[in-house]
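Visitor: Hey, I've got this protein open on my screen. Can you walk me through it?

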Amino acid sequence: MQKITHLTIRKQKQEKKPITMITAYDVLMAKNVDEAGIDMILVGDSLGNVVMGYDSTLPVTLDDMIHHTACVVRGTKHALVVGDLPFMSYQESPLQALRSAGRMMKEARCDAVKFEGGQHVCDAVYKITQSGIPVVGHLGLTPQSVHQLGGFRVQGKDEKTAQTLLDDALALEAAGAFAIVLECVPTTVATTITNTLTTAATIGIGAGNGCDGQVLVCTDLLGMTTGFRPSFVKPYADLHHVITTAVQAYIHDVTERTFPDDEHSFT
């Protein structure tokens, strides 16, 4: 399969060909989803919750992101890999954002970077893209701003905030972003943004079916966890059951001394 680039994603936007994205945080998952034919792999700062055990994305560092993004890159041949810029690695100034994006590209060797924010980060988006680094934006429910937003809430539910989201999306597109994640945005608002943008593709998560593409967290999609599950998540497997059942079978065989047997031993 041919390597996907940001130009591929722009073309899919123009041709109205749906774009598929999934998160991954390690080389094994990257190999699996890449082999399946996914278009884009996002190494999100959600690794703070999924991999590192934090209760938010805020403690994740740039070094953490570079480490995990590099792992994913090493397991990917086809998909476009996007590395997330974590909290306080770009908010200080456009120059700080450029330096963080540069480290991500040089050390992790990914294909693009993503960071959150609308019009107030457009100077950084422009500076980064003009330096030759493709950028993905992120609007709506932006986890790094969860305290300012008052929790994990749907964004753009009234006319004023919906218009702000549209203005932010247009500004990101004008600054050079080739794609924008829309998270927890009403379907009508996300569809309007998608239809208004001419070059930047929208990638929805909890934003309805009118976006140019969709993204889900790998562990949610595969059903690897139990407990709370966002309403917009559709599990396509129940790997939690598969894994626990397999481990229980292994425990049984070891305790009963039926493993290892002759077949799995050396003579």
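Predicted model: local features only at pLDDT ≥ 70, side-chain atom pairs only at ≥ 80, totals over all residues.

Visitor: Ok, so how do the strands close into a barrel, in what order?

Guide: There are 8 strands, in the order S1-S2-S3-S4-S5-S6-S7-S8, and the pairing is parallel. Two strands count as paired if DSSP finds at least two bridges between them. The twist averages 25° from one strand to the next; axes here are lines fitted to C-alpha atoms, for helices over the stretch in contact, and angles run from 0 to 180 degrees between N-to-C directions.

Visitor: How many bridges join S6 to S7?

Guide: 5 bridges, and the two strands run parallel. Ala179 stands opposite Ala201 in S7.

Visitor: Is S7 covered on one face or both?

Guide: Both faces are covered: Ala201, Ile203 and Ile205 are buried on one side, and Thr202 and Gly204 on the other. Buried means under 20% relative accessible area, exposed over 50%, and partly exposed in between, using a 1.4 Å probe and protein chains only.

Visitor: Switching topic, what about helix H8?

Guide: H8 covers residues 159–175, so to speak 17 residues, and reaches 24 Å from its first C-alpha to its last, close to the 24 Å expected at 1.5 Å a residue. That expected span is 1.5 Å times one less than the number of residues.

Visitor: What holds its N-terminal end?

Guide: Asp158 caps the N-terminal end of H8, with a side-chain oxygen 3.1 Å from the backbone nitrogen of Lys160. Just after H8, Gly176 has a positive phi of about 120°.

Visitor: And what do the buried residues of H8 pack against?

Guide: Helix H6 (122–130), strand S5 (135–140), strand S6 (179–183) and helix H9 (187–196). Contact means heavy atoms within 4.5 Å.

Visitor: Which residues have the most contacts inside the largest nonpolar core?

Guide: Met104, Phe115, Ile128 and Leu182, in a core of 59 residues. H8 gives the most to this core, with 6 residues. A nonpolar core is a set of buried Ala, Val, Leu, Ile, Met, Phe, Trp, Tyr and Cys residues joined through side-chain atoms within 4.5 Å.

Visitor: Is His68 buried or exposed?

Guide: His68 is buried, with a relative accessible area of 14%, and is found in helix H4 (residues 62–74). It touches Tyr25, Val43, Leu47 and Val51, not counting residues up to four places away in sequence.

Visitor: Last one: where is Met88, and what is its phi?

Guide: Met88 is in the loop between strand S3 (80–84) and helix H5 (94–108). Its phi is positive, about 65°, although Met88 is not a glycine. Met88 is partly exposed, with a relative accessible area of 44%.

Note on methods: Residues numbered from 1 in each chain as written. Heavy atoms only, no water. Helix = DSSP H or I, 4+ residues; strand = E, 2+ residues; numbered from the N terminus. Polar contact = N/O pair within 3.5 Å; in protein donor to acceptor, adjacent residues only side chain to side chain.
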